[in-house]
Amino acid sequence: MPAIEKISARKILDSRGKYTIEVVIHSKSFKTAACAPSGASVGKFEAQAFPEGGVESSIQLLQNELSPKLKGMNTEDQTEIDKIIWKFDGTKNLSKIGGNAAIATSTAVAKAESKSKNLMLCQYLGSNLRLPFPLSNVIGGGVHTKGDSIEFQEFLVLPLGAKTFEEAAKTNIMVHRAVAEIIMKTHPNYVLGRNDEGAWAAPLTINEALETLTKAIEKVEEETGVRAKIGIDAAASELWNGRKEEYVYKKENKRLTSEQQLEYVLDLIHNYEIAYFEDPFQEEDFEYFAKLTANTKNRSIITGDDLIVTHKKRLQTAIEKNAITGSIIKPNQVGTLTDTKSTVELCHKSKVIPAASHRSGETADPALAHIAVGLNCPIIKIGIMGGERMAKINELIRIEDTLKISMSKPPI
Ligand code: PGA
Ligand code: ZN
């Protein structure tokens, strides 16, 4: 229960080499820091990561104006502190101070409080703790990949049969490796590279990516006996031409109406047993999400990322319309831990599966691992290659080893 003496902040670099913010809470006996990540496929309705003046402007405001307001407050009072952040900002999307400054401050407060209580952050955040299944990007396209890449943003693996987190992480690594071996055979003249989230960037069509991933999963399943399924993040807002009302697949040379997109996605789910499908439609289309959900009950987790942007109100709308069965939880989309927590609580109450998620531009801060465990998210969407992703994977291995807790019930 330390009292805040002051808050400072500095510019640091994220995994894409772009500036982001690290916030430090100073109390009498110690300091705690937290960093915020940034996205590339940013939803229209999410908090604005930085104000117009960029990171510097966030830092100035935080140190000169917000810090004095929070001085003397107790880190126990998370809700109150988060309220003051919102009040100080005064905008709807945190565009004055920046969503990244807000979430880093909010997270650093929780870290300070858990440290003073001698608890791991996840223990401080919740009870009945379980480990999440890692949902990892193994073949990547969209805005995370340079060049003429696959139109869907992410082809993921979900190791539903894993009995421990370590086994789950190992399975995803093996699938990632097996994918490379297969692509090296099918494209012997191609030099494989990894994209922003550590997924393989390759000159594949959507079907080729799915065939490759299917084979890789089968190979690993044969070796280990661990059952795994395919996930997709279409990030369909990036494909949507609002003026013409169609999804544009330039590389595949096709344009689909929403109705055709629905049929296409249903076919993919059926043909490749896709257990998780994120953002199959653009970010305002609750109706088509609902049509898909009605047709895929218990077969695939239909998940909103840009649709929900971790905002409780948008989640409420989606629930009322039966639009989704899963929701991405990205704390910096909404700006504070209190808001993140209340969105996850609504997920639990409404039987929507919350999936705590990284951003494509990450830092080495492991806090997301604790947020996933502490808020009882049965899925953590996190890449399986690259130091900034491993920081979370390894933190989950540490949590498993330290707390001896078991895996969540498989979400599907
Ligand atoms: P972003 O994308 O972090 O680049 O916004 C990740 C996602 O769409 O899930
Ligand atoms: Zn997404």
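This is a predicted model: local features need pLDDT of at least 70, side-chain atom pairs count only at pLDDT 80 or more; totals for chains, interfaces and linings use all residues.
Local features require pLDDT of at least 70 and side-chain atom pairs pLDDT 80 or more, while totals for chains, interfaces and linings use all residues; side-chain values use heavy atoms, without hydrogens and water. Residues are numbered from 1 along each chain as its sequence is written, and chains are lettered from A and ligands numbered from 1 in the order in which they are written. Helices (H or I, at least four residues) and strands (E, at least two) are DSSP runs numbered from the N terminus.

**Zinc site**
- Asp233 (OD), Glu278 (OE) and Asp305 (OD) coordinate the zinc ion (ligand 2) at 2.0 to 2.2 Å.
- Donors are N, O and S atoms within 2.8 Å of the metal (3.2 Å for Na, K and Ca); water is not among the atoms, so sites may look incomplete.
- Along the chain, the donors of the zinc ion show the spacing D-x44-E-x26-D.
- Asp233 belongs to strand 8 (residues 229-233) and Asp305 to the loop between strand 13 (301-304) and helix 9 (312-320), so the pair ties together parts 72 residues apart in sequence.
- Both Asp233 and Asp305 are buried, a term for under 20% relative accessible area, with exposed over 50% and partly exposed in between (1.4 Å probe, protein chains only).

**Ligand 1**
- Ligand 1 is surrounded by 14 residues, of which the closest are Ala40, His144, Arg359, Ser360 and Lys381; a residue counts if one of its heavy atoms lies within 4 Å.
- Oxygen atoms of ligand 1 lie 2.6 Å from a polar backbone atom of Ala40 and 2.9 Å from one of Ser41.
- Asp233, also a zinc donor, places a polar side-chain atom 3.1 Å from an oxygen atom of ligand 1.

**Helix 6**
- Helix 6 (residues 206-224) has 19 residues and spans 27 Å from its first C-alpha to its last, close to the expected 27 Å, which is 1.5 Å times one less than its number of residues.
- Its buried residues include Ile206, Leu210, Leu213 and Ile217.

- Lys111 lies in helix 3 (residues 99-116) and counts as buried because its relative accessibility is 17%.
- Beyond four places in sequence, Lys111 touches residues including Thr32, Leu121 and Asp365, contact meaning heavy atoms within 4.5 Å.
- Lys96 lies in the loop between helix 2 (78-89) and helix 3; at 32% relative accessibility, Lys96 counts as partly exposed.

Note on methods. A polar contact is a pair of N or O atoms within 3.5 Å; within protein, one must be able to donate a hydrogen and the other to accept it, and residues adjacent in sequence count only if both atoms are side-chain atoms.
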